[in-house]
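Good morning, and thank you for the time. Please look at the sequence and the model while I walk through the fold, one element after another.

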Amino acid sequence: MKSFGIIQSHVNPEDQQWGGARLHVMLQCIYAIAFLCLLRFDEVLRIELKDIEVIDKWKGHIKLTLSFRKTHQYGGNFVFSFFTNLEIKPFHLFFNRQELHLDPVHLLLRWIRVSRLTTGSLFRRIDAQDRVSMNITKTLV
């Protein structure tokens, strides 16, 4: 039986540190929300701060209400028919202390604190100096 030799890494050391701390926090938050809420990335990138409501900060309960979904092309409160209800139900997110990389409340609150955003789009462009754009038109979508 032939042994496998030592695998050498051909990683460029300059590529090890792409992006700053804010970019890493933002991406972790985006991936966790997309995974837990089963959202597409373009749906996550359209989330605004007004869509987030803290229900109970001690229990870590946040309500995420989206006015759009791929399956609801006309928005959340369009029409109620006899056969279908086209209302978009909100997502209720809670602390997940066992798996911190999937703790949506912690990640959302951390991103809001780090980014210092108060209105507009939740996820915005980050420049080369790791600064979040305060221009509302500089969203990631």
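Predicted model: local features only at pLDDT ≥ 70, side-chain atom pairs only at ≥ 80, totals over all residues.

**Helix α1 and the rest of the fold**

Helix α1 covers residues 21–37; its 17 residues reach 24 Å from the first C-alpha to the last, close to the 24 Å expected at 1.5 Å a residue. The expected span is 1.5 Å times one less than the number of residues in the helix. Helices (H or I, at least four residues) and strands (E, at least two) are DSSP runs, numbered from the N terminus.

Residues are numbered from 1 along each chain as its sequence is written, and side-chain values use heavy atoms, with hydrogens and water left out.

Now to the chain as a whole. The chain has three helices and three strands, and along the sequence they follow the pattern α-α-β-β-β-α. Of the 141 residues in the chain, 34% are buried. Buried means under 20% relative accessible area, exposed means over 50%, and partly exposed lies in between, with a 1.4 Å probe and protein chains only.

Which residues of α1 are buried? They are L23, V25, M26, C29, I30, A32, I33, A34 and C37. These buried residues pack against α2 (41–45), β2 (61–64), β3 (91–94) and α3 (104–115). Contact here means heavy atoms within 4.5 Å. After α1 comes L38, with a positive phi near 55°.

**The sheet**

I turn next to the strands. Strands of a sheet pair through backbone hydrogen bonds, either parallel or antiparallel. In this model, three strands form an open sheet in the order β1-β2-β3, with antiparallel pairing. Two strands pair if DSSP finds at least two bridges between them. Why is one side of β1 and of β3 left without a neighbour in the sheet? Both β1 (52–56) and β3 stand at the edges, and each has a single partner strand, so one side of each has no neighbour there. On average, neighbouring strands of this sheet are turned by 30° against each other, direction ignored.

β1 and β2 pair in the antiparallel sense over four bridges, and V54 stands opposite I62 in β2. The hairpin of β1 and β2 has four residues between the strands, and G60 there takes a positive phi near 70°. Four bridges also join β2 to β3, and K63 has H92 in β3 as its bridge partner.

In a regular strand the side chains alternate between the two faces of the sheet. β3 has F91 and L93 on a covered face, and H92 and F94 on an uncovered one.

Is F95 buried or partly exposed? F95 is partly exposed, with a relative accessible area of 28%. F95 and G60 are 35 residues apart in sequence, and their C-alpha atoms are 5.1 Å apart in space. Leaving aside neighbours within four places in sequence, the contacts of F95 include K57, W58, G60 and V105.

**The last helix and the core**

α3 has 12 residues and reaches 16 Å from its first C-alpha to its last, close to the 16 Å expected at 1.5 Å a residue. α3 lies across β1, β2 and β3, and runs at about 90° to β3. For such angles, axes are lines fitted to C-alpha atoms, for helices over the stretch in contact, and values run from 0 to 180 degrees between N-to-C directions. In α3, P104, V105, L107, L108, W111 and S115 are buried, and what covers the buried residues of α3 includes α1, β1, β2 and β3. Just after α3, R116 takes a positive phi of about 60°.

Finally, the core. A nonpolar core is a set of buried Ala, Val, Leu, Ile, Met, Phe, Trp, Tyr and Cys residues joined through side-chain atoms within 4.5 Å. The largest one holds 29 residues, and I33, V44, L64, L108, W111, L122 and F123 touch the most other members. α1, α2, β2, β3 and α3 each supply at least two residues of this core, and α1 gives the most, with nine residues. Not counting residues up to four places away in sequence, L108 touches C29, I33, I52, I62, L93 and L122.
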